[in-house]
Amino acid sequence: MKIIFIVPAAKIRRNRLYRIGGSFYGRSNSITGPLILGKILKNAGHNVEVYEELYRDLDFQKIIDADVICISAMTSNVVRAYEIADFFREKYHKRVIMGGMHPSYMPDEASRHADCVVIGEAENVIVDVVEGNITDKIVKSAPVFDVDSIPFPDYSILKTPCKAANIMTSRGCPYNCNFCTTSRMFYPYRQRTPDNVIEELRIYKKMGFKYVNFEDDNFTANKVRAKEILRKMIKNNLVFKETFFFGRTDLADDDELLELLKAANLKRVLIGIESLNQKSQDYINKKQNIEAIIKCGNKLFKYGIKLIASIVLGLDTDTAEDIHRSVEFSKNINAYQLQPAILTPYPGTPIYNQFKKENRLLIKEWEYYDMMNVVFIPKNLTPWELEGEFYKAVKDFYTLGGAMKMFRLYGFDAWSRRMALWFATRFGCAFFKRQSEKENGNIYNRLKHVSMKMLMN
Ligand code: B12
Ligand code: SF4
């Protein structure tokens, strides 16, 4: 059978300017689920292709001859996923199977657009579902416990650009912050053995990949294992150009780990600083304190590991001043990038259940659930004010002075990336302002009106 996997992209992310801006933010890569499931299907004798819409428009003509269309969806791209599914089901009577983060938590909704919806990690059921041996409309798949047995993602089936290979050395995270989807979707926390990880890296080296991203939700959760992987990377000459990873502030407690990260070129890390307000850390169940955040900022700088500081905007326990403090702090510790994320109540999380119960879900269209739009009623700000704080944060952080500082600290590449982000954020702010003035029902205009009404009442 010919099976096509599609990872859709929301409308704004298919925009040419957005794609150009995105290329400065990060290198093209791929979500690994479809590449793993595709490999399993390939091993079962099928012909598989994977398309990432984020990087190239879909050529619908190429999809028409597929026997089965598999769509992978998270919340912000699920509207597009439904659009593609409806089109191929209605016009060409194609069989559509859906899976991924959003369909796993909203299976009934997804099943209105698909012949089958798989809940959870699909390795154990994908062949039976595709071949029609399982005919249920909604299929619950058990997680894979022996994670070393999962085939490596097959990049030969990916038909869209990909400059960096993504590797997941573990699934899930041992913590459970109240807004986090992944620690719940990939539950329980499971880790691959260092040798199994090394085997995968060897393939990417052979394939000529210069960049590899460690996309684990928390690569350094188990420091002993992380160190073992790093030592083996160094010993086996499997070091790539500046590898990105996700970590937590606790990694700064271990100097040996920091030394190894640096030596293995894992020199760019995204860490959830979230807020400098301890009440907020406790509210989200982050199990992290302010001293740890400060220590981490300083230590990473000392070791030359570039920090992408992720902060969350709109927590019930935070005010606008708390957000300003987080931005200032990120500047002061020489953060390489700032990633402000507007609190987003994703289905399946405690924060979603809380806001739903309190009737605070304001925007119902899933495409806006992308951490850049306010979709709920915040406690200490109006939705419009909170959206403004997002744009203020990027404007305050991405300055020309900041770009010069990056040049001094990290050289030309860091400067050029910052300049591009300076331009992109200015453009984004202007877009935000213009849209808010248009009376055409766009999200910013809606947030503004709702907020004005709230202030008047
Ligand atoms: C790599 C990655 C990216 C990459 C590439 C993604 C892409 N091309 O779309 C980049 C950096 C570009 C990216 C962008 C974004 N991302 Co992202 N990303 C990830 C990350 C870190 C890893 C993905 C991965 O490989 N997972 C591991 C594999 C094994 O899981 P999987 O792919 O989901 O597949 C399994 C199951 O879901 C299921 N499955 C998946 N697809 C299918 C299909 C079928 C048919 C079936 C049956 C089953 C099935 O089986 C698979 C095997 O077990 C995840 C976090 C995570 N842990 O997953 C976030 C994550 C998916 N991203 C997220 C977000 C919010 C975004 C952005 C909106 C961020 C932004 N503001 O721009 C954008 C949206 C992109 C888009 N397409 O529109 C959120 C989604 C939250 C949610 N509930 O919707 C996550 C969970 C991170 C988080 N914050 O918690 N992302
Ligand atoms: S530490 Fe990060 S990955 Fe782990 S539960 Fe919290 S937000 Fe999720």
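The model is predicted: local features need pLDDT of at least 70, side-chain atom pairs count only at pLDDT 80 or more, and totals for chains, interfaces and linings use all residues. Residues are numbered from 1 along each chain as its sequence is written, and chains are lettered from A and ligands numbered from 1 in the order in which they are written. Helices (H or I, at least four residues) and strands (E, at least two) are DSSP runs numbered from the N terminus.

**Domains**
- The chain is assigned domain 1 (2-140) and domain 2 (150-437); such bounds come from an automatic or database domain assignment.
- The C-alpha centres of domain 1 and domain 2 lie 25 Å apart.
- Domain 1 puts 31 residues into the contact and domain 2 puts in 31 residues, where contact means that C-beta atoms, placed from the backbone, lie within 7 Å.
- On the side of domain 1 that touches domain 2, helix H3 gives the most, with six residues.
- That side of domain 1 has 14 nonpolar, 10 polar and seven charged residues. Here Ala, Val, Leu, Ile, Met, Phe, Trp, Tyr, Cys and Pro count as nonpolar, Asp, Glu, Lys and Arg as charged, and the others, Gly among them, as polar.

**Ligand 1**
- Ligand 1 has 43 residues around it, of which Gly-33, Ser-72, Met-74, Gly-99 and Glu-121 come nearest. A residue is near a molecule if its C-beta atom, placed from the backbone, lies within 6 Å of it.
- Two or more residues of this shell come from each of helix H3 (33-43), strand E3 (68-72), strand E4 (95-99) and helix H6 (101-105).
- H3 gives the most to the shell around ligand 1, with four residues.
- Both domain 1 and domain 2 give residues to the shell, so ligand 1 lies between them.

**Ligand 2**
- The residues around ligand 2 include Cys-173, Cys-177, Cys-180, Asp-217 and Arg-248.
- By class, the shell around ligand 2 has four nonpolar, five polar and two charged residues.

**Sheet**
- Six strands form an open sheet in the order E7-E10-E11-E12-E13-E14, with parallel pairing; two strands pair if DSSP finds at least two bridges between them.
- Strand E7 (164-167) and strand E14 (337-342) are at the edges with a single partner strand each, so one side of each has no neighbour in the sheet.
- From one strand to the next, the twist averages 20°.
- Strand E11 (residues 244-247) and strand E12 (residues 268-274) are joined by four bridges, and Phe-246 stands opposite Leu-270 in E12.

**Helix packing**
- Helix H15 (residues 320-332) lies across E12, strand E13 (306-313) and E14, and runs at about 175° to E13. Axes are lines fitted to C-alpha atoms, for helices over the stretch in contact, and angles run from 0 to 180 degrees between N-to-C directions.
- The axes of helix H17 (residues 383-397) and helix H20 (residues 443-456) come within 7 Å and cross at roughly 135°.
- H17 and H20 are therefore oblique to each other: angles under 35 degrees count as roughly parallel, over 145 as roughly antiparallel, 65 to 115 as roughly perpendicular and the rest as oblique.

**Backbone details**
- Most residues other than glycine have a negative phi, and most peptide bonds are trans.
- The peptide bond from Tyr-187 to Pro-188 is cis, with omega near 0°.
- His-93 has a positive phi, near 55°, and lies in the loop between H5 and E4.

Definitions and conventions: Two residues are in contact if their C-beta atoms, placed from the backbone, lie within 7 Å.
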